[in-house]
Amino acid sequence: MTITPTTDALAEGTEPYTVPLAPGVRAFVQPDGGWCLNNAGILTGGGRTALIDTAATERRARLLRDAALAEGAAPPTTVVNTHHHGDHTYGNFVFPEATVVGHAACRSETLAAGLQLHAIWPGVEYGDVTVAPPTVTYTEEMTLHLGDTEVRLIHPGPAHTVGDTIAWLPEQGVVFTGDLVFNGGTPFLLMGSLSGSLRSLEILRGLDARTVVPGHGRVTDPGVYDTLERYFRWVEELARDGRAAGRTPLEVARATDLGEFAALREGERLVANIHRAYAELDGLPLGSPLDLPTVLGDMQIMNGGRPMACHA
């Protein structure tokens, strides 16, 4: 099912669409999964509707709402945020009927970040966004029920961020990973952990899901975990060798042949990931804040001197 915009037209090729995954379970996919084009989930059961994440702009969140209400479904009463980044949380306010659920750190980071995307990409038409953080939080695991549908929320520890949530539907064999998984895009560890991301893959593999809904990119299968692990191990080696040689993360990234990872979108994220790996090699706690202006500046250099483009 393709969602047709009801307001201004979206950029060609970025119109969201839904993918049925199991009875009462759909993925809301925003191609091509680049900056600010995240995925969401729509779950129905027992006469109720729940969402996994929202979207970066009011317009896109309203398209998600239209998709959720298709075929007479009830308005969502629960929104689960997989982490605090604005592309997954800005649209929460479009669902005033819903209780927003997330990890405790997702709530605190959402409040701390505020309208951070506005500062990074001021030219985007976000709409009249109001920050709506989780009002129900957990720390390790939590289970939701929509009729017969069980949704297990699992915190893997610091990984993409310090407040990530995996949404696992064991009966359907479907997992919504948030940005623990990028399919076709470069992983992004600026606010998380390299070693924690490797641990998150172990947790995801242990679920034995048949269908993987990544935070960005097309719906896929568990084979995507192997690509991510190779990437993380590669970044580990680059960082270890670069730090030993006394080179900066930017010097390492600029001198690196991307090899098999050249096809991944947003290759400029490599330098941010090396910054994160350096922090861990320096013994800083997982997820410790990095110097955001410095890292974003290095990413812009890696992007040919151009600011990264938000596609929402």
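**Note on pockets, cavities and selected residues**

1. The lining of the largest pocket is made up of eight nonpolar, four polar and two charged residues. Here Ala, Val, Leu, Ile, Met, Phe, Trp, Tyr, Cys and Pro are taken as nonpolar, Asp, Glu, Lys and Arg as charged, and the others, Gly among them, as polar. The model is predicted, with local features needing pLDDT of at least 70 and side-chain atom pairs counting only at pLDDT 80 or more, while totals for chains, interfaces and linings use all residues. Residues are numbered from 1 along each chain as its sequence is written, and side-chain values use heavy atoms, with hydrogens and water left out.

2. The volume of the largest pocket is about 280 Å³. His-84, Glu-109, Met-191, Pro-289 and Leu-290 are the closest to its centre among the 14 residues that line the pocket. Helix H3 gives the largest share of this lining, three residues. Pockets and cavities are found on a 1 Å grid over the protein atoms alone: a cavity is a set of points where a 1.4 Å probe fits but cannot get out, a pocket is an open set with protein on both sides within 12 Å along at least five of seven lines, and lining residues have an atom within 4 Å of a point. Grid points are joined across faces, edges and corners, and a volume is the space filled by probe spheres set on the points.

3. The second largest pocket holds about 170 Å³ of space. Twelve residues line the second largest pocket, and Gly-24, Arg-26, Thr-44, Ala-70 and Glu-71 are the closest to its centre. At least two lining residues come from each of strand S1 (17–22), strand S2 (25–29) and strand S3 (40–45); S1 has the largest share, three residues. By class, the lining of the second largest pocket has seven nonpolar, three polar and two charged residues. Helices (H or I, at least four residues) and strands (E, at least two) are DSSP runs, numbered from the N terminus.

4. There are four cavities of 30 Å³ or more in the structure, and the largest cavity has a volume of about 370 Å³. It is lined by 29 residues, of which His-85, Gly-86, Asp-87, Leu-117 and Trp-121 are the closest to its centre. Helices H2 (86–89), H3 (104–113), H4 (116–120) and H9 (292–302), together with strand S11 (174–182), each give two or more residues to the lining of the largest cavity. This lining divides into 17 nonpolar, nine polar and three charged residues.

5. Helix H6 (residues 224–244) has 21 residues and spans 31 Å from its first C-alpha to its last, close to the 30 Å expected at 1.5 Å a residue; the expected span is 1.5 Å times one less than the number of residues. Among the residues of H6 that are buried are Tyr-225, Leu-228, Phe-232, Trp-234 and Leu-238. Buried means under 20% relative accessible area, exposed over 50%, and partly exposed in between (1.4 Å probe, protein chains only). The buried residues of H6 pack against S11, helix H5 (194–207), strand S12 (211–216), helix H7 (249–254) and helix H8 (269–281). Gly-246, which follows H6, has a positive phi near 75°.

6. Thr-49 belongs to strand S4 (residues 48–52) and counts as buried because its relative accessibility is 1%. Its side chain reaches the backbone oxygen of Ala-74 at 2.7 Å. Beyond neighbours within four places in sequence, Thr-49 has contacts (heavy atoms within 4.5 Å) that include Ile-42, Ala-68, Pro-75, Thr-78 and Leu-146.

7. Val-295 is part of helix H9, and at 2% relative accessibility this residue counts as buried. With residues up to four places away in sequence not counted, Val-295 touches Leu-190, Ala-272, His-275 and Leu-290. Val-295 and Arg-276 lie 9.6 Å apart, C-alpha to C-alpha, and 19 residues apart in sequence.

8. Some backbone values deserve a check. Most residues other than glycine have a negative phi, and most peptide bonds are trans. Pro-31 and Asp-32 are joined by a cis peptide bond with omega of about 0°; Asp-32 lies in the loop between S2 and S3.

9. Asp-208, in the loop between H5 and S12, is a residue other than glycine with a positive phi, near 60°. Glu-266, in the loop between H7 and H8, is not a glycine either, and its phi is positive at about 55°. Asp-208 counts as exposed at 62% relative accessibility, whereas Glu-266 is buried with a relative accessible area of 11%.

Technical notes: Polar contact = N/O pair within 3.5 Å; in protein donor to acceptor, adjacent residues only side chain to side chain.
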